[in-house]
Structures are given as structure tokens and as C-alpha cells.
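I opened this model to look up its charged pairs first.

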Amino acid sequence: MSESDADNRDAPSKAMMIMLAPDGYYTYLNIPKVPVQNSSGSVGSKESGEDPLLQIDLDLVKKNFRKLSIRHHPDKPGGDSDTFRTLKRAQTVLSNPKLRQQYDILGLDLDDDDVEQNSSAGINDEDAGAEPQTTSQGIIQDIASAALTTVLQLGVRTALLGTISLIIARYRLTLFPTLAFLAFVAYKVRSGPTVDHSLELMSPFVIGIGMIIMYQASSGSWSSISEDGTKKIHWLLYWLGESITIFMFTYNSMEVKPSMSSPIYLGAIGLFGILAALWFRGKFWNYAIVIGLEIFLAIFIALAFPVFEMILEAILNDKLKKVGDKIRAQHKCMERYYKQQSND
């Protein structure tokens, strides 16, 4: 087979070229586009909060798709898989409001294979209620998910640290079982796979030391007796034990743990532990304030990021609309040129 014969065989079909042109999905499926009119008579969307969306007859989309799919099915004479796949994608985009809105802005279908697989699981995706994500939605949701997860993890660690400082390190009944548990954890860590960082191996012991210091400074032999007969906390020693505990909590929460040969990073973590302990000072309300701020931040992220998503999507849509208008104008110019050439 000659090279020219191979090129002719692999050349895209006329139907494929029509569908790949700007607004080609509408053109080849012969779907008229009518802007949605709201109650005031201006152009708008039926769904609140959306950009103006073209109103189309979904039954006509299905009808024309079935008729054309018979013609282009790979098992039929003259059919080919590429044209049929593009035709199916056209039906999916026109039947889904989100994908159609994005397609109307640019005039082209830029979704990748992952989006196509998620949205083309079946012809009746709209009946299944699945709403594909646009690019801006995916970016914002990934950022929001990471930020919300981080804040919630901080809240859990702060609550656990407060439990240790306010309850476990104050009483023998809670301290000794916790120390036994830390000893068990240390045994499992040392008997498990080799850990690269020696400080991570020492973590249960260091946390235990911090708890013992806090206990001795609050209820143990290092505390002093006040005039009314109650024990007073030795705040300097308690601050030392709390600083050690916060240091190890912060170190263990890091995904990439600095080694003992990185004194700058370890010093920064130690400084954070010292400053945090100066704030907490083993007081309930100081822990409650921090946990309250973390809860507020989590709620803010959950409420604010959808607004950021809408803003980013509006900005992207505006940029894509300008690009789409330019592409459509260039395509019409090329059509007029080739039509004139064919007439000459």
C-alpha cells in the first residue's frame, strides 16, 4: 500500500471535520440554538446563578444522535470508530447543561479523556444526576479539600494536646496508663520497619518525658503548697514539659520529617513549641480559643471557597468567550476564503 493510500485511509471524515469546527456539535446534529429568555424578557439562564445558556430540544438531540449513530457506527458500511466516538461525545456535551455551557462559551470541546469517561458512562447521564466538573471547579475543590483537611487535622491535634495537658498529665490515674501505652508504641516502632530518623524512634519517650515534667510541675513533688493548702503549679517547669510535647506533636505531624542533621529546621520547630506553650500555659480557655479559631477557619473555608469558585469560573469564562469569538471569526473567514477559491 502506497503512502498516499494510507493517508487517504487515515484522513478524517467530512462529518468529523464538521463536528470539530467551532459550534460543530450543533451544526452536524442540526440542533437550533435559542437563548433562554427570563421573565423580564432579557437573555438569561433558567438555573439561577448560571451564565446565559442556550436552550435546545434535548429530545431532538437524542433523535438526531440515534439517526446519525446508525450511519457512523463502526459495524456499519462507511462507518468509522473516530467519527462515532466524536458523535457520541457531541451528544453527551449537548445533553449536559454544564458541558454545554462550557462548549457554548468557547465553541470547542476542550475536555480531556478523564472528563469524557466520567461524563459519557451512558447516554442518559442527565438521568443519573451526575454533574461533571469544569476545570475551575476541579482546581478550587482540590485547594479547598486540602485546606479543610489541614485545618481539621490541626483541630484534632490541638484537642489531643489539650487533653494531655489539661487531663492526662494532671492525674496519676490517667498518666500511668498513657505512659504504658507510649512504651508499647515505642516497642512496636523499634521492632517494625527501620525508621530513617532517630528522633522519630525517640518520639514516644520524648512525649512521655514531657508528660512526666507536666505532672511533676502540677500535681507531683515539684509543685508547691499555697497558703490555703492547695498545690500550686510550677509554671516554668510546666511550660518546659508542654514545650517538649508540642515540639514532638509538630514534628510527628510533618510529612517530610527533618533529620538530626538539620538543626535549623529542628530549631524552628522547637521555637514554635516554646511560643505555643507560652500561649497555652496549661489553661483550658487558651486551648478553647485556639480550637474555636480552627473551627471558625474550617467553616470559613467551607463557605468561602464556593464563592471563590464562582468568581474564578466567571473570570475563566470571560477569557474563554473572547478566545471563542476570535476562533469563530477566523473560522468564518477561512470558510469564505475556501468557498471563493472553489468558485474560482
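**Salt bridges**

I started with D325 and R328, whose side chains meet in a salt bridge at 3.6 Å, N to O. For this I count a side-chain nitrogen of Lys or Arg within 4 Å of a carboxyl oxygen of Asp or Glu. Both D325 and R328 sit in helix α15, three residues apart, about one turn of the helix. Salt bridges with shared partners join D23, K321, D325 and R328 into one network.

I note that this is a predicted model, where local features need pLDDT of at least 70, side-chain atom pairs count only at pLDDT 80 or more, and totals for chains, interfaces and linings use all residues. Residues are numbered from 1 along each chain as its sequence is written, and side-chain values use heavy atoms, with hydrogens and water left out.

Next I looked up D325 with K321. Their closest N and O atoms are 3.4 Å apart, in a salt bridge. Both lie in helix α15, four residues apart, about one turn of the helix. D325 is partly exposed at 37% relative accessibility, and K321 is partly exposed at 45%. My cut-offs: buried is under 20% relative accessible area, exposed is over 50%, and partly exposed is in between (1.4 Å probe, protein chains only).

Then I took R328 with D23. This salt bridge spans 2.8 Å, N to O. It links distant parts of the chain, since R328 is in helix α15 and D23 is in the loop between α2 and α3, 305 residues apart. R328 counts as buried at 15% relative accessibility, and D23 counts as buried at 12%. In total the structure holds six salt bridges.

What does D23 touch, not counting residues up to four places away in sequence? I found K33, Y103, G107 and R328. Contact here means heavy atoms within 4.5 Å. The phi of D23 is near 60°, a positive value in a residue other than glycine.

N30 also has a positive phi, about 55°, and is not a glycine. N30 lies in the loop between α3 and β1 (34-35). At 57% relative accessibility, N30 is exposed.

**Fold and cores**

I logged 15 helices and four strands in the protein chain. These are DSSP runs numbered from the N terminus: helices are H or I with at least four residues, strands are E with at least two. Buried residues make up 36% of the 344 residues.

The largest nonpolar core has 27 residues, and M211, M248 and F280 have the most contacts inside it. Elements giving two or more residues to this core include α9 (135-166), α12 (203-218) and α15. A second, separate core of 17 residues includes A15, Y26, Y28 and I31. A core here is a set of buried Ala, Val, Leu, Ile, Met, Phe, Trp, Tyr and Cys residues joined through side-chain atoms within 4.5 Å.

**Annotation and surface**

An unreviewed UniProt entry places "transmembrane region" at residues 169-187, 199-218, 233-251, 263-281 and 287-312. I checked residues 233-251: the span is 89% helix and 0% strand, with end C-alpha atoms 27 Å apart. Residues 169-187 are 84% helix and 0% strand, with end C-alpha atoms 22 Å apart.

Last, I looked up I315. I315 is in helix α15 (residues 284-343). I315 is partly exposed, with a relative accessible area of 47%.

Methods: UniProt positions are given in the numbering used here, feature names are shortened, and annotations may be inferred rather than shown by experiment.
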